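Please read them beside the sequence and the model.

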Amino acid sequence: MTAIVIWLSAEPWPGTKNLIEMLEVPEEYVMKLPYYPLHLIEPFALTNEELMKYGPEVGTVLVFIKNSKNQYQLSDVLKKYEAEFSNVSPLAYDLINSVTKIEFDRKIKIRNGVINMCEAIIQMQNSSRNEGFKIGKDEGIRIGKHEGIEIGRNQELRKMAVKLLASGFSREAVANFLEISNTHLELVLSEEDK
């Protein structure tokens with residue numbers, strides 16, 4: 001009996017490599033059972049070249065999985081095996097997608113029965129970049145609004161502080177009346193000079 005296991009993970013195989021150790025067999029029976037090693041195909045432990053020997057379909061899936069944790073390695077692999085990754089079956093694409101949990105653009109096109117993974121990655125990177133720009137823009141707007149509100153508040157405080165000081169109130173009395181610290185009052189008044 002031979003057991004072949006294809007480990008679909010970029011992580012090392014976490015288990016034993018023979019069937020006896022996988023089973024909970026009483027010690028007295030262990031010697032009576034044949035030793036069945038697992039023939040393990042583990043992307044983590046093999047080179048990209050060794051994985052590609054499993055054929056264009058399986059090899060491409062295993063190479064992608066192996067390199068999926070490192071964007072730079074994955075980019076290099078896609079360039080090196082561009083021909084293979086330009087012609088991935090929808091089944092292999094779905095397997096890559098489900099195993100790696102990488103969010104590919106759902107609009108990827110099947111042309112002549114195959115998917116261009118290089119194109120899918122480029123679309124994914126562009127989508128991530130655009131999302132990053134949107135998040136940055138939204139954060140900038142949020143910060144800008146907050147700063148704008150703070151500037152407007154300080155301008156109102158400055159107007160009131162100047163009027164109170166002109167009426168003869170001390171700086172300490174003005175700070176207490178405006179419910180701000182003396183340091184904040186000095187900051188507000190110094191903004192007037194800018």
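1. A salt bridge is taken here as a side-chain nitrogen of Lys or Arg within 4 Å of a carboxyl oxygen of Asp or Glu. By this rule the count comes to five salt bridges, and one of them joins Glu156 to Lys159, with the closest N and O atoms 3.5 Å apart.

2. On the basis of the note: this is a predicted model, in which local features need pLDDT of at least 70 and side-chain atom pairs count only at pLDDT 80 or more, while totals for chains, interfaces and linings use all residues. Residues are numbered from 1 along each chain as its sequence is written, and side-chain values use heavy atoms, with hydrogens and water left out.

3. Both Glu156 and Lys159 belong to helix H8, where they sit three residues apart, about one turn of the helix; helices here are DSSP runs (H or I, at least four residues), as strands are (E, at least two), numbered from the N terminus. Glu156 has a relative accessibility of 42% and counts as partly exposed, the scale being buried under 20% relative accessible area, exposed over 50% and partly exposed in between, with a 1.4 Å probe and protein chains only.

4. Helix H8 (residues 117-166) also holds Glu139 and Arg142, again three residues apart, about one turn of the helix. These two form a salt bridge whose closest N and O atoms are 2.5 Å apart. Glu139 is partly exposed at 33% relative accessibility, and Arg142 is likewise partly exposed, with a relative accessible area of 47%.

5. Which salt bridge has its closest N and O atoms 3.1 Å apart? That is the one between Arg171 and Glu186. The pair links distant parts of the chain, since Arg171 lies in helix H9 (residues 171-178) and Glu186 in helix H10 (residues 182-192), 15 residues apart. Both partners are partly exposed, Arg171 at a relative accessible area of 43% and Glu186 at 38%.

6. Just after H9, Glu179 takes a positive phi of about 60 degrees.

7. Turning to the rings, a search of the whole structure finds two aromatic pairs; rings of Phe, Tyr and Trp (its six-membered ring) pair if their centres lie within 6.5 Å, and planes under 30 degrees apart count as stacked, over 60 as edge-to-face and the rest as tilted. Trp7 and Trp13 have ring centres 5.1 Å apart and planes at 90 degrees, so this pair is edge-to-face. Trp7 is partly exposed at 23% relative accessibility, whereas Trp13 is buried, with a relative accessible area of 16%.

8. Phe64 and Phe85 form an aromatic pair of the tilted kind, at 6.1 Å centre to centre and with 55 degrees between the planes. This pair links distant parts of the chain, with Phe64 in helix H4 (residues 56-67) and Phe85 in helix H6 (residues 82-85), 21 residues apart. Phe64 counts as buried at 0% relative accessibility, and Phe85 counts as buried at 0%.
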